[in-house]
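Please examine the structure shown below.

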Amino acid sequence: MTATPTRETEPVAVARLASLLRGRRWTVLSGAGASTDSGIPDYRGPTSARATPMQFGEFVGSRAAQQRYWARSYVGWRRIGTARPNAGHLALAGLERDGLLHGVITQNVDGLHAAAGSRNVVALHGEIAMVACLDCGSRTSRRSVQDRLARLNPSVAGGVAPGASAALRPDGDAVVEDWHDFVLASCLDCGGRLKPDVVFFGESVPKPRVERAYALVEPADVLVVVGSSLTVMSGLRFVRHQVKCGRDVVIVNRGPTRGDELATIKLDAGCSETLTGLRVALTGG
């Protein structure tokens, strides 16, 4: 059974969290809030701008939708492709090296956990740094596709067309108004349609990936949710499973989440400062 949920903002909350985790096996489930300090916005944080993500059915059903997405993604990659791990990512990587953290399941597609040095990571929604062909299944690096898009669209100078809005969006693309003439890159193997190798809204997470995530949850005495509103079921299901098994759940997130009433501890706090403080509390340095 989980304890009565508590919500704390005081520094003493980190000490309580460390006390709950000390000597126990724990796994992290991270969301977009874990990457905001790296300059990547989230969809549902208290200061987030309203944004509507591309739906999978829309993308596969319309060449115009593919043009719109890739024009935006081409611009957005200039920022997300150069994003660097923040203090929270580095703290989690350090906790894994210290033998204290079992692993990370991330809903993020930015690859920043791996870039920080985390090794036992399941990227639940895929990796924006890779591109897949919808027709033959071949995969290639996003960087090579970006170079091809640059050659196909030379008028989009520097990644931003004159007069375009280029505010970065949470899924790695940017708001671009003039996309109708954007030339798409096709698969070099079969000429098929390319899509970033990430799970779009309305698309299912591949079953083997879900199984790998559960393999990190099953042995965990505590599941620590970091920077996720748990709005989508792909993350919430792990919280529900943990509670069903009678194990503890901790949630660290700015603002309410869909799992708050299931939490043993809920910290309304920033991810980077909480995780940095937690590593100090657990290791003494």
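Is A129 buried, partly exposed or exposed? A129 is partly exposed, because its relative accessible area is 37%; buried means under 20% relative accessible area, exposed over 50%, and partly exposed in between (1.4 Å probe, protein chains only).

## Basis of the model

This is a predicted model, in which local features need pLDDT of at least 70 and side-chain atom pairs count only at pLDDT 80 or more, while totals for chains, interfaces and linings use all residues. Residues are numbered from 1 along each chain as its sequence is written, and side-chain values use heavy atoms, with hydrogens and water left out.

The mean pLDDT of the chain (the predictor's confidence in each residue, from 0 to 100) is 88, and 85% of the residues reach 70 or more. The pLDDT falls below 50 over residues 1–6, a stretch that has 18 contacts in the model beyond near neighbours in sequence; contact means heavy atoms within 4.5 Å. Over residues 158–175 the pLDDT is also below 50, and this stretch has 55 contacts beyond near neighbours in sequence.

## The chain as a whole

The chain contains nine helices and ten strands. Helices (H or I, at least four residues) and strands (E, at least two) are DSSP runs, numbered from the N terminus. Of the 285 residues, 52% count as buried. Among contacts with a separation of 6 or more, 73% join residues 24 or more positions apart.

A129 lies in strand β5, which spans residues 126–133. Leaving aside neighbours within four places in sequence, A129 is in contact with W77, S141 and R142. A129 and V198 are 69 residues apart in sequence, and their C-alpha atoms are 9.1 Å apart in space.

T27 belongs to strand β2, residues 26–30. T27 counts as buried because its relative accessibility is 0%. Beyond neighbours within four places in sequence, the contacts of T27 include L101, H102, G103 and I105, and also L216, A220, V222, L223 and V224.

## Helices α1 and α9

The axes of α1 (residues 12–21) and α9 (residues 271–283) come within 9 Å and cross at roughly 55°. Axes are lines fitted to C-alpha atoms, for helices over the stretch in contact, and angles run from 0 to 180 degrees between N-to-C directions.

Ala, Val, Leu, Ile, Met, Phe, Trp, Tyr, Cys and Pro count as nonpolar, Asp, Glu, Lys and Arg as charged, and the others, Gly among them, as polar.

## Helices α7 and α8

Helix α7 (residues 207–217) and helix α8 (residues 233–244) have axes that come within 11 Å and cross at roughly 40°. That makes α7 oblique to α8. V210, A213, Y214 and V217 in α7 meet R237, F238, H241 and Q242 in α8. By class, this contact has five nonpolar, two polar and one charged residues.

L230 is placed in the loop between β8 (222–226) and α8. L230 has a positive phi of about 60°, although it is not a glycine. L230 is buried, because its relative accessible area is 1%.

Note on methods:
Parallel < 35°, antiparallel > 145°, perpendicular 65-115°, else oblique.
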